[in-house]
Amino acid sequence: MEKKPNIVLMMVDDLGIGDIGCYGNDTIRTPNVDRLASEGVKLTQHIAAAPLCTPSRAAFMTGRYAVRSGLGSTGRVQVLLFLGGSGGLPPAETTFAKRLQQQGYTTGLVGKWHLGVNCEHRGDHCHHPNQHGFSYYYGLPFTLFNDCVPGEGSDVLADLQHTLQNLTMMLWAGLFTLVCVHVFGLFEMNLGLLVALFLLSVLATAVWYIPFKLLPTWNCILMRNQEVIEQPMTVETVPQRLLGEAQTFIKRNVNRPFLLFFSLAHTHVPLFKTPAFAGKSSHGRYGDNLEEMDWMIGEITETVDSLGLANNTLMYFTSDHGGHLEDSDSKVGQKGGWNSIYKGGKAMGGWEGGIRVPGIFRWPGRLPAGRVVDEPTSLMDLYPTLKYLAKDTEPDRQLDGHNLMPLLEGKVEQSKHEFMFHYCGIYLNAVRWHPPGSDSIFKVHFFTPNFSPSGAVGCYDTKVCLCHGEYVTHHNPPLLYDLFHDPSESRPLTPDTEPRYAEILKQTAKAVEKHKNTFPNKQTSDDTSEKSSTDAHSVQSQLTWEKILWRPWLQPCCGTFPFCGCKEGAENI
């Protein structure tokens, strides 16, 4: 019987497609990623299903657009913000890890999760990786973010924090004034009123201070399986620990088929300051982090090769979405990735820079070395591809990805993705059409985010672009581009410049309608962009304020809540 292949999936966080040498960067050293491409297959049009972490990773894990899992946003909150919230990847969803686990694979996730932990109480772990098919988990159940490092500022609802802080200070100032008036006999105050105001001020302080000022304790944690092993985590040593855990998992399972998802904390902010890489690149701290990431990829590759597993191991390298253009400061410089010639970046809807990511597969003896595939492919294709390799033929739900093996092996030249749909939250932002037999790849934008300030390519005033209301501009007729001739989406097509203009819009509208019919409930508006906010209403939204906000009874904790604190390898603090 043919032995099932091992699977090693490596995903970088917020990496721009232009950051990698084999994708055109000649100023940053990425020899190990470049080696994977030279020994395997490089995808040049590899597309994330969303331009932000949580929805992109949900789609990657399930092979389905995030709206099918309730992980498309309707407003400001576009990703999970607190580990103590109840939102996450629904327990009823199926991941590729769960399918491979059922086929006898030992499955492990090392690194970032960002798809929730608990539903109703601390310890139910309904969204946890262990409940979604991963036999072993070690890593960050949330994500790396600025609050984890003192002095780096705050990423979570900073304006709301500021407002709550100001209101709290006003309450205390008012209370102090009333007490002074009462003490000096200027005005007779009811003692009960003063006590009530004091209690109100204490409550207001708690509402602001506990969830937000203690964020490093609440969100910056490490878990091994369902146990919190470090809270808050020591950020400086996270890269080495993640790498060590990933290597150990491979070595531990050398004699049986395994799936390892190595989900790196790089290159999300705050950027690491590892001494061995600090100041070594020509692109500041971000470049240093890129080169450290590349070294880690090389270490994983060397582990696979040194154990004699290369010829029976599919290795895959990608990013969850494009680089964050708006993240920079005068001290560090640019903190986000470079998205090459492509317009936009992280959180910018369907603009290419936020969704076109590296995609590299290596499998010596099975995949042709040096092959380049220019056809549209998706991160969602991993799910059906891994099912195929695991010989999983059981029925499944509605999938949006396709098995990539025929394309990777060169048995076919045309992608099965004639149409691809690009979401911004629950709203269908754009549609890509690759007509059979044509080089052209048309993209139709129903709406686009409003960049700020005027003339910028990015939402620098809000730090991330939003998908709703006054933050977007709807286009009627839609904006139309040919990515083959205009990959930077700088020259919209018109009926005068594109003879097929009407036909493209007609075929796209038909595809949208067919896509909408795959959802249980459909909206019936006549406007295409509004109709296409086809959100799977039968699936409960996981990104509502009710599910996002922090609740003490859901907070993962080592020790006795609220006195959470421990260090890996030591007793609870």
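Which cysteine does a disulfide join to Cys459? The partner is Cys465, with an S to S distance of 2.0 Å. The model is predicted, and a search of the whole structure finds six disulfides.

**Pairing pattern**
- With bonded cysteines counted along the chain, the disulfides follow the pattern 1-2, 3-4, 5-8, 6-7, 9-11, 10-12.

**Cys459 and Cys465**
- The torsion about the S-S bond of Cys459 and Cys465 is about 95°, so this disulfide is right-handed.
- Cys459 and Cys465 are each buried.

**Cys558 and Cys566**
- Cys558 is joined to Cys566 by a disulfide, at 2.1 Å from S to S.
- This disulfide of Cys558 and Cys566 is left-handed because the torsion about its S-S bond is about -105°.
- Cys558 is buried, as is Cys566.

**Cys119 and Cys126**
- A disulfide with an S to S distance of 1.8 Å links Cys119 and Cys126.
- The link of Cys119 and Cys126 is right-handed, with 90° about the S-S bond.
- Cys119 has 25% relative accessibility and so counts as partly exposed, whereas Cys126, at 12%, counts as buried.

**Burial of Cys22**
- Cys22 has a relative accessible area of 18% and is therefore buried.

- Cys53 is in no disulfide.
- The cysteine sulfur nearest to Cys53 is that of Cys148, 13 Å away.
- Cys53 counts as buried because its relative accessibility is 3%.

Key. Residues numbered from 1 in each chain as written. Predicted model: local features only at pLDDT ≥ 70, side-chain atom pairs only at ≥ 80, totals over all residues. Heavy atoms only, no water. Disulfide = S-S within 2.5 Å. Buried < 20%, exposed > 50% of the residue type's maximum accessible area, 1.4 Å probe, protein only.
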